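Take a moment to look them over, then follow the points below.

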Amino acid sequence: MQRRFAGPSDLHLHSDHSDGTEPPAKVMASAHRHGLRTVALTDHDTTSGWAEAADAATSLGMTLLPGMELSARHEWRSVHVLGYLFDPDDRDLRDLTDRIRDSRLNRARSMADRISRDYDLRWADIVAQTAAGATVGRPHIADALVAKGFVRDRGEAFAGILHPRSDYYIALYAPDPVTAVAAIAGAGGVPIVAHPAGRAGLLPAALTERMLDAGLAGYELGHRENAEPALSRLQALVARRDLIVTGSSDYHGVGKPNIPGEHTTSDDMVARIIERATGSAPVYP
Ligand code: AMP
Ligand code: FE
Ligand code: FE
Ligand code: ZN
């Protein structure tokens, strides 16, 4: 049976199951209020928000593409791989995300220890900013620093205390981008590189080829962090290889200025994602 979704579509939204500030149902309501009719919940390294998001989205008449933003790393730089419509029970992918979330917890504790040498900040302050079971990250440490009055907002925390060049910074464990792409593809999902033309610029061409060989489906070219000249290079690549192109807000509630629907994905491209996926189905209203 052919089911229909309707645009406009925003395929990258975060809830408090990772570093967004709203529960999944509230994220869905925010998206709907901004006129969206198809959305994806893409919390970092977890699928725990899917059920609540599905209920809320369908009761609002929206279609939900269950998703995730998987943490990866190439040398010193972090690479985020969005995955759509994969099987949430796939063993290999679950093992990978369990490992990333475990290491995130240890890493956040270690960073808190370092920060507490100079600031009156305890682990309990970070726990207080983190929803139970959420994927913990620097944004929660930032929120604790804000609550304590040490910084004005997340942005100021990331520019200073939490910056990768700060003495308090510790890298998190994350798989290489080829492994991340293969894990999503292996679970029947559709892997798309998030904000691929950000400040760090393009990944090396040879790595890109290996990611494509591993099942990479496309790039999130519509995102506020993308910039020239990397963006034009990727537009050319996508046209040459007929890859999928998405556009999204990367909404984090009040954790970032990004507004639902500030970039959107065309109906054609949403249909291609749905056609390509074998791991799970969209949730229709
Ligand atoms: P982590 O994965 O723990 O290293 O933290 C990275 C996360 O912090 C990303 O998912 C972003 O959503 C968030 N982030 C990065 N820079 C900023 C910023 N300047 N303001 C708010 N959030 C940010
Ligand atoms: Fe985030
Ligand atoms: Fe990201
Ligand atoms: Zn994101």
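Predicted model: local features only at pLDDT ≥ 70, side-chain atom pairs only at ≥ 80, totals over all residues.

His195 is buried, because its relative accessibility of 17% falls under the 20% cut-off.

- His80 sits in strand β4 (residues 77–84), while His195 belongs to the loop between β5 (190–193) and α8 (205–213), so the two histidines tie together parts that lie 115 residues apart in sequence.
- Like His195, which is buried at 17%, His80 counts as buried, with a relative accessible area of 16%.

**The iron ion (ligand 2)**

- How far is the iron ion (ligand 2) from the iron ion (ligand 3)? The two are separated by 5.3 Å.
- The iron ion (ligand 2) has Asp19 (OD), His44 (NE2) and His252 (NE2) as its protein donors, at 2.1 to 2.2 Å.
- The sequence spacing of these donor residues is D-x24-H-x207-H.
- Distant parts of the chain are linked here: His44 is in the loop between β2 and α2 (50–59), and His252 is in the loop between β7 (244–247) and α10 (267–276), 208 residues apart.
- Are these two histidines buried or exposed? His44 is buried at 8% relative accessibility, and His252 is buried too, with a relative accessible area of 2%.

**Strand β2 and its partners**

- Strand β2 (residues 38–41) is covered on both faces: Thr38 and Ala40 are buried on one side, and Val39 and Leu41 are buried on the other.
- Strand β1 (residues 9–13) runs parallel to β2, and three bridges join them.
- In this pairing, Ser9 stands opposite Thr38 of β2.
- To get from β1 to β2, the chain passes through helix α1 (residues 24–33), making a right-handed β-α-β crossover.
- β2 also pairs with strand β3 (residues 63–74), again in the parallel sense, over four bridges.
- Here Val39 is found opposite Leu64 in β3.

Notes: Residues numbered from 1 in each chain as written. Chains lettered and ligands numbered in written order. Heavy atoms only, no water. Buried < 20%, exposed > 50% of the residue type's maximum accessible area, 1.4 Å probe, protein only. Pairing = 2+ DSSP bridges. Right-handed = clockwise from strand over helix to strand, strands pointing away. Donors = N, O, S within 2.8 Å, 3.2 Å for Na, K, Ca; no water.
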